[in-house]
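Subject: Structure handover

Hello,

Here is the structure I promised you. Please open it and keep it on screen while you read my notes.

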Amino acid sequence: MPKSTEKALHELNRLESERRSAIKTLTRSDPMIIGSLNVVPRTCGKSACHCAAEGDPGHPVSVLMSTVRGRRRCQVVRKADLPRVTALVQEYRNYREALRALKHLESEQRALMRGLMTLRDEGYE
């Protein structure tokens with residue numbers, strides 16, 4: 001709860017500035033891929049390969065995990081596409097982080113407003 005109206009207004013201005021910055025990040029038109037990128041071991045299917053042996057972890061393969069129409073989808077990402085897909089998935093992570101920051105900032109703003117309300121209350125006797 002703020003100790004004075006002046007301090008609360010200063011804090012609200014600071015939070016509003018951060019909020020505008022988060023909204024600016026959220027409204028950019030940069031492309032993104034919604035999902036997560038993971039490296040998983042896979043076998044290649046060749047009987048003479050080391051990955052066919054029992055207990056061998058297999059070859060590391062990059063997989064894009066996403067949800068399409070409520071179902072989990074795993075797509076193998078080609079090595080040539082990996083840098084681009086990694087950047088687009090990172091853009092999605094940044095977007096989600098900005099959403100979390102916005103939610104936190106709005107929560108802080110509401111708390112300050114409730115504190116201001118308490119400071120302004122004259123009461124009645």
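Across which strands does α2 lie, and at about what angle does it run to β1? Helix α2 lies across β1 and β2. Its direction is at about 135° to β1. Please bear in mind that this is a predicted model.

**The helix**

Start with α2, which covers residues 82–120. It has 39 residues. From its first C-alpha to its last, it reaches 57 Å. That is close to the 57 Å expected at 1.5 Å a residue.

Several residues of α2 are buried, including V85, L88, V89, Y92, L105 and L112. E91 and Q109 are also on the buried list. What covers them? The cover over the buried residues of α2 includes α1 (5–26), β1 (36–42) and β2 (59–68).

**The sheet**

Now find the strands. There are 3 in an open sheet, and their order is β1-β2-β3. The pairing is antiparallel. β1 and β3 (71–76) are the edge strands, each pairing on one side only. On average, neighbouring strands of this sheet are turned by 40° against each other, direction ignored.

In general, strands of a sheet pair through backbone hydrogen bonds. Between β2 and β3 there are 6 bridges. Look for L64, which stands opposite Q75 in β3.

**Two residues in the strands**

V40 sits in strand β1. Is V40 buried or partly exposed? V40 counts as partly exposed, because its relative accessible area is 24%, and buried would need under 20%. Setting aside residues up to four places away in sequence, V40 touches H59, P60, V61 and V63. Compare V40 with S21: the two are 19 residues apart in sequence, yet 36 Å apart in space, C-alpha to C-alpha.

S66 belongs to strand β2. S66 is buried, because its relative accessibility is 9%. Beyond its neighbours within four places in sequence, S66 is in contact with I34, G35, R71, R72, R73 and Q75.

**The cores**

Which residues make up the largest nonpolar core? There are 7: I33, L37, L64, V77, V85, L88 and V89. Helix α2 gives the most to this core, with 3 residues.

Not counting residues up to four places away in sequence, L37 touches V63, L64, V77, L82, V85, T86 and V89. Another core lies apart from the largest one. This other core has 6 residues, among them A8, L12, L105 and L112.

**The cysteines**

How many disulfides are there? The count comes to 0. Why does C51 form none? The closest cysteine sulfur to that of C51 is in C49, 3.6 Å away. A disulfide needs the two sulfur atoms within 2.5 Å, so this pair is too far apart for a bond. C51 itself is buried, at 3% relative accessibility.

What about C74? Its sulfur is 19 Å from the closest cysteine sulfur, which is in C51, and that is also too far for a bond. C74 is partly exposed, with a relative accessible area of 44%.

Best wishes

Terms used: Residues are numbered from 1 along each chain as its sequence is written. This is a predicted model: local features need pLDDT of at least 70, side-chain atom pairs count only at pLDDT 80 or more; totals for chains, interfaces and linings use all residues. Side-chain values use heavy atoms; hydrogens and water are left out. Helices (H or I, at least four residues) and strands (E, at least two) are DSSP runs, numbered from the N terminus. The expected span of a helix is 1.5 Å times one less than its number of residues. Buried means under 20% relative accessible area, exposed over 50%, partly exposed in between (1.4 Å probe, protein chains only). Contact means heavy atoms within 4.5 Å. Two strands pair if DSSP finds at least two bridges between them. Axes are lines fitted to C-alpha atoms, for helices over the stretch in contact, and angles run from 0 to 180 degrees between N-to-C directions. A nonpolar core is a set of buried Ala, Val, Leu, Ile, Met, Phe, Trp, Tyr and Cys residues joined through side-chain atoms within 4.5 Å.
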